[in-house]
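Here is a short note for a colleague who has not seen this model before. Please keep the structure open while reading the points below.

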Amino acid sequence: MTAPLIEFDTARLRLRQWRESDCTPFAAMAADPQVMEFLLPLPTRADSDAMVERGRTRIAENGWGFWAVEHKATGEFIGFTGLNVPLATLPFSPCVEIGWRLARHAWGQGFATEAARGALQVGFERLGFDEIVAFTAVGNLRSAALMERVGMHEDVAGAFDHPLVPEGHPLRRHRLYRLDRAAWAAARGASE
């Protein structure tokens with residue numbers, strides 16, 4: 001049985017189910033070494049298309065996942081943002097993570113922050129999660145800054161070696177960020 005599909009809008013963005021037309025711009029984004037600087041490895045086109053299909057399948061099954069992000073004014077696919085249960089067993093599993101990846105031309109415009117806030121709202125207010133985590137390679141300062149902008153707090157004691165990154169690789173060590181529903185609600189109340 002599939003869950004009801006969740007799609008939603010923010011001020012400038014539409015977070016939605018993946019479409020076949022997203023495959024080409026997603027592949028171009030996934031082939032950009034700057035976009036993929038803290039991710040392993042650069043995928044082939046077949047790998048990229050398989051990632052889109054996994055995203056589509058998870059959303060179809062659960063109603064939520066890593067949604068495709070579309071710029072409402074132009075209809076352009078600019079990346080993905082959403083919620084996910086990691087496949088790898090992590091030191092803090094089970095968990096729900098928030099993640100994002102945007103095409104480089106969409107950086108620096110507040111889109112990632114806007115999309116992440118929308119995904120957190122869905123996670124806490126519609127799906128009822130108690131906690132949402134985020135993690136990134138230690139050197140990924142852009143993602144860490146975004147995690148902090150959306151109200152997440154670093155769990156310094158929770159730093160870990162990612163099991164899917166090879167031993168000795170410079171991206172193996174990861175920072176862990178957390179946000180619980182009470183802190184989310186308090187921050188939302190303070191901003192209203």
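Is F80 buried or exposed? F80 is buried, at 7% relative accessibility. The model is a predicted one, and the points below start from its overall build.

1. **Overall build.** The chain holds five helices and nine strands. From the N terminus, the order is β-β-α-α-β-β-β-α-β-α-β-β-β-α. The C-alpha atoms occupy a box of roughly 45 × 40 × 40 Å along the principal axes.

2. A compact globule of 192 residues would have a radius of gyration near 16 Å. The chain has 16 Å, so the two agree. Buried residues account for 48% of the 192 residues. Take the contacts with a separation of 6 or more: 66% of them join residues 24 or more positions apart.

3. **Aromatic pairs.** The whole structure contains eleven aromatic pairs. One of them joins F26 and F80. This pair is tilted, with 6.2 Å centre to centre and 50° between the planes. F26 sits in helix α1 (residues 23–30) and F80 in strand β4 (residues 77–84), so the pair ties together parts 54 residues apart in sequence. F26 is buried too, with a relative accessible area of 1%.

4. **An edge-to-face pair.** W64 and F129 also pair. Their rings are edge-to-face, 5.3 Å centre to centre and 70° between the planes. W64 lies in the loop between α2 (45–62) and β3 (66–71). F129 lies in the loop between α3 (111–126) and β6 (131–137). The two are 65 residues apart, and the pair links distant parts of the chain. W64 counts as buried because its relative accessibility, 12%, is under 20%. F129 counts as buried at 16%.

5. **A ring cluster.** Which residues do ring pairs link into a cluster? They are W18, F26, F66, F77 and F80.

6. **T81 in β4.** T81 belongs to strand β4. T81 is buried, with a relative accessible area of 0%. Beyond its neighbours within four places in sequence, T81 contacts a list of residues that includes L15, F66, W67, W100 and L102. A115, A116 and A119 are also among its contacts.

7. **L13 in β2.** L13 is placed in strand β2. L13 counts as buried, at 0% relative accessibility. Leaving out residues up to four places away in sequence, L13 touches F8, V69, E70, H71, K72, I78, F111, E114 and A115. L13 and L127 are 114 residues apart in sequence, and their C-alpha atoms are 20 Å apart in space.

8. **Helix α2.** How far apart are the end C-alpha atoms of α2? They are 26 Å apart. At 1.5 Å a residue, its 18 residues should span 26 Å, so the two values agree. S48, V52, G55, R56 and I59 are buried in α2. Seen down the axis, these residues fall within an arc of 95°, so they line one face of the helix. An α-helix has 3.6 residues a turn, so residues three or four places apart point the same way. The buried residues of α2 pack against β2 (13–16), α1 and β3. G63 follows α2 and has a positive phi, near 90°.

9. **Helix α4.** In α4 (residues 141–149), the buried residues are S143, A144, L146 and M147. Viewed down the axis of α4, they fall within an arc of 160°, so they line one face of the helix. They pack against β5 (97–102), α3, β6 and β9 (173–180). Just after α4, G151 takes a positive phi of about 95°.

10. **Nonpolar cores.** The largest nonpolar core has 45 residues. Within this core, W18, W67, L83, I98, L120 and M152 touch the most other members. Helix α3 gives the largest share, eight residues. Another core lies apart from it, with eight residues, among them F92, C95, V133 and F135. In soluble globular proteins, nonpolar side chains tend to be buried together.

Notes
Residues are numbered from 1 along each chain as its sequence is written. This is a predicted model: local features need pLDDT of at least 70, side-chain atom pairs count only at pLDDT 80 or more; totals for chains, interfaces and linings use all residues. Side-chain values use heavy atoms; hydrogens and water are left out. Rings of Phe, Tyr and Trp (its six-membered ring) pair if their centres lie within 6.5 Å; planes under 30 degrees apart count as stacked, over 60 as edge-to-face and the rest as tilted. Helices (H or I, at least four residues) and strands (E, at least two) are DSSP runs, numbered from the N terminus. Buried means under 20% relative accessible area, exposed over 50%, partly exposed in between (1.4 Å probe, protein chains only). Contact means heavy atoms within 4.5 Å. The expected span of a helix is 1.5 Å times one less than its number of residues. The arc is that of the directions from the helix axis to the C-beta atoms. A nonpolar core is a set of buried Ala, Val, Leu, Ile, Met, Phe, Trp, Tyr and Cys residues joined through side-chain atoms within 4.5 Å. The radius of gyration is taken over C-alpha atoms; the globule rule is 2.2 Å times the number of residues to the power 0.38.
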